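The sequence and structure come next.

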Amino acid sequence: MALSLHDVRCDPIANRALNELMHHYTVAQEKSRLVLTKKTGDMQLFLNDLDDLHQWDFMRNQQMVKEIERLRVLSTTIGQQRESWKVRALMAETQLLEATAKTSNNGGRQNVSDVRYASLKRYLAKRFHPDFAPGEGIEKVVRNEIFKEVWNEIDRLDQGVSATSFATARSSWAA
């Protein structure tokens, strides 16, 4: 049976394979086959029936499966490295806080909690601020409202913390 371009177009697998091949080849229909000539003109493929295109499609899919698996492994590795770097960053921040506490003039206790509070506040701002959060539309509006509520509470705590610090400092001056 003669292979025609119409036969290829009717078969979804063969059509997909031919479309992929047409990026690099030009197609011509001869007596009982399709002739694909490399666009640079140095190579020709002769396709005698649909199984040729099915086989090419199968091999191409196998290559894609291997590539997907390779990318999945790379993604897992990158995720593990990211978590490792997170842990290292948190450990470095803890060491910095401890070093800062040791060098402070007032014994370190008040300074450590202030530094930790400031660090937590920065983390919350980076993590939940609507400008940096993913999402669009209603999700972004909801995140904005939640952030406003949380940030109002943080501001209230800031005022409470500064009031207690001031009261503590005032009582130490009176003594």
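## Links between helices H2 and H3

Arg 60 and Glu 20 join their side chains in a salt bridge, at 3.4 Å from N to O; the term stands for a side-chain nitrogen of Lys or Arg within 4 Å of a carboxyl oxygen of Asp or Glu. This pair connects distant parts of the chain, with Arg 60 in helix H3 and Glu 20 in helix H2, 40 residues apart. Helices (H or I, at least four residues) are DSSP runs, numbered from the N terminus. Arg 60 is partly exposed at a relative accessible area of 31%, and Glu 20 is partly exposed with 31%. On this scale buried is under 20% relative accessible area, exposed is over 50%, and partly exposed lies in between (1.4 Å probe, protein chains only).

A salt bridge also forms between Arg 16 and Asp 57, whose closest N and O atoms are 2.6 Å apart. Here too distant parts of the chain are linked: Arg 16 belongs to helix H2 (residues 12-21) and Asp 57 to helix H3, 41 residues apart. Arg 16 is partly exposed, at 44% relative accessibility, whereas Asp 57 is buried, at 6%.

## Basis of the values

The model is predicted: local features need pLDDT of at least 70, side-chain atom pairs count only at pLDDT 80 or more, and totals for chains, interfaces and linings use all residues. Residues are numbered from 1 along each chain as its sequence is written, and side-chain values use heavy atoms, with hydrogens and water left out.

Arg 72 pairs with Glu 69 in a salt bridge, the closest N and O atoms being 3.0 Å apart. The two residues are 3 apart in helix H3, so about one helical turn separates them. Arg 72 is partly exposed at 48% relative accessibility, and Glu 69 is partly exposed at 39%.

Arg 82, Glu 83 and Lys 86 are joined in a network of salt bridges. The count for the model comes to 8 salt bridges.

## The largest pocket

The largest pocket has a volume of about 440 Å³. Of its 14 lining residues, the closest to the centre are Lys 86, Ala 89, Leu 90, Glu 93 and Tyr 123. A pocket is an open set of points on a 1 Å grid over the protein atoms alone, where a 1.4 Å probe fits, with protein on both sides within 12 Å along at least five of seven lines; lining residues have an atom within 4 Å of a point. Grid points are joined across faces, edges and corners, and the volume is the space filled by probe spheres set on them.

Helix H3 (50-103) and helix H4 (109-128) each contribute at least two lining residues.
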